[in-house]
Amino acid sequence: MSLSATEDDSGPEIHIPADIDWHKLDKSKFFFLGAALFSGVSAALYPIVVLKTRQQVSSAQVSCFKMSFSIMKYEGFRGFYRGFGTSLMGTVPARALYMGALEVTKSSVGTATVSLGFSDTTATAIANAAAGLSSAMAAQLVWTPIDVVSQRLMVQGYNDINSSKNVNPNVNFCRYRNGLDALRKILHADGPKGLYRGFGISILTYAPSNAVWWASYSVAHKLIWSGIGCSMCKKDGSGGFRPDSKALVAVQGLSAAMASGVSALITMPLDTIKTRLQVMDREENGVRKPSNVLQTVRNLVQEGGLAACYRGLGPRWASMAISATTMITTYEFLKRLSTKTQEPLTT
């Protein structure tokens, strides 16, 4: 792939390593290494996810610092990893579905859009948006039940350390010993559908979020390379310029952070509604029942209007930016590690 350093294509070209298509990957290596690498990323970012979840179910705005201090004081470091075991168990199958759907869609849609006469930039944006949409929908088949269980564990103990008005009375504070105990109690109380609480809103949250993210990433990636020109590149033998590995990682990371900001702002209200649906109940005639979207939105409006929908935006943006930056650089590195070796031709 080559990007021109100037708009009129009169300047020197920047030669960026070509994207690796699905058929060029060693699938077993791709999924095995991917599970290991992304499990590490999930472990590093999990405390931020716990902070975001607790802020979203709070009935009033609570700062990240105050929330972190309370968790450390009353629950210790383990409080930041409530539900992590359950979440980690879902990482392998969910990531496998996500990466498989992502690569297959990107490859097929990219080929189709180019054949229809779209420009390289437009074709890449369309292919990335379609890939983000399909991969998110595939992964939610696994992630929604994992989210329901792990988020129940994340908010467990929240009422123990917060006796003030910040505790939302509708949060389900059933006591769980571990992920398996939570799974058993959810199935007993609500049946299998209890594990898919918020599945519809999850699709509405993550599908457009991923589509926006991948489309924004591809556009930002090209804009940054066009903007910096040849300043971060070295001359190659063909008279053009080739970026070194540090420049590639820097541009990928910056593009990912920019895409995360756009995606977080657009989909934050949906994410807040989804989280509340998965961990909060409503009381009807003295009986606690799963909440619905309309009641959840009504409660949020009563608590603080539109601002209440953006509780936890800071941790979510930070989580998305760090996760995306790490993910995209790890993802590109993983694809190069998993490239099939070319067998020498025999004569």
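**Salt bridges, aromatic pairs and cavities in a predicted model**

Glu-303 counts as partly exposed, at 25% relative accessibility; buried means under 20% relative accessible area, exposed over 50%, and partly exposed in between, with a 1.4 Å probe and protein chains only. The model is predicted, so that local features need pLDDT of at least 70 and side-chain atom pairs count only at pLDDT 80 or more, whereas totals for chains, interfaces and linings use all residues. Residues are numbered from 1 along each chain as its sequence is written, and side-chain values use heavy atoms, with hydrogens and water left out.

The side chain of Glu-303 meets that of Arg-311 in a salt bridge (3.0 Å, N to O), and Arg-311 counts as buried at 6% relative accessibility. Elsewhere, salt bridges that share partners join Arg-177, Asp-181, Arg-184 and Lys-185 into one network. A salt bridge here is a side-chain nitrogen of Lys or Arg within 4 Å of a carboxyl oxygen of Asp or Glu, and by this rule the count comes to 12. Side chains of opposite charge can pair when their charged atoms come close.

Glu-75 takes part in two of the listed contacts, one with Arg-54 at 2.8 Å, N to O, and one with Arg-82, where the closest N and O atoms are 2.5 Å apart. Helices are DSSP runs of H or I with at least four residues, strands are runs of E with at least two, and both are numbered from the N terminus. Arg-54 and Glu-75 are buried, Glu-75 with a relative accessible area of 17%, while Arg-82 is partly exposed at 23%.

The structure also holds nine aromatic pairs. Phe-77 and Tyr-81 form a tilted pair, 5.5 Å centre to centre with 45° between the planes. Rings of Phe, Tyr and Trp (its six-membered ring) pair if their centres lie within 6.5 Å; planes under 30 degrees apart count as stacked, over 60 as edge-to-face and the rest as tilted. Phe-77 is exposed, with a relative accessible area of 55%, and Tyr-81 is partly exposed at 25%. The rings of Trp-214 and Tyr-217 have centres 6.1 Å apart and planes at 80°, so this pair is edge-to-face. These two residues are three apart in helix H7, and therefore separated by about one helical turn. Trp-214 is buried at 1%, as is Tyr-217 at 7%. One aromatic cluster is formed by Tyr-46, Phe-77, Phe-80, Tyr-81 and Phe-84.

Three cavities of 30 Å³ or more are present. On a 1 Å grid over the protein atoms alone, a cavity is a set of points where a 1.4 Å probe fits but cannot get out, and lining residues have an atom within 4 Å of a point. Grid points are joined across faces, edges and corners, and a volume is the space filled by probe spheres set on the points. The largest cavity has a volume of about 940 Å³. Its lining comprises 31 residues, of which Arg-95, Trp-143, Tyr-206, Ser-319 and Ser-323 lie nearest the centre. Helix H4 gives the largest share of this lining, eight residues. The second largest cavity holds about 50 Å³ of space and is lined by Arg-276, Met-280, Asp-281, Ser-291, Thr-296 and Asn-299.

Technical notes: On a 1 Å grid over the protein atoms alone, a cavity is a set of points where a 1.4 Å probe fits but cannot get out, and a pocket is an open set with protein on both sides within 12 Å along at least five of seven lines; lining residues have an atom within 4 Å of a point.
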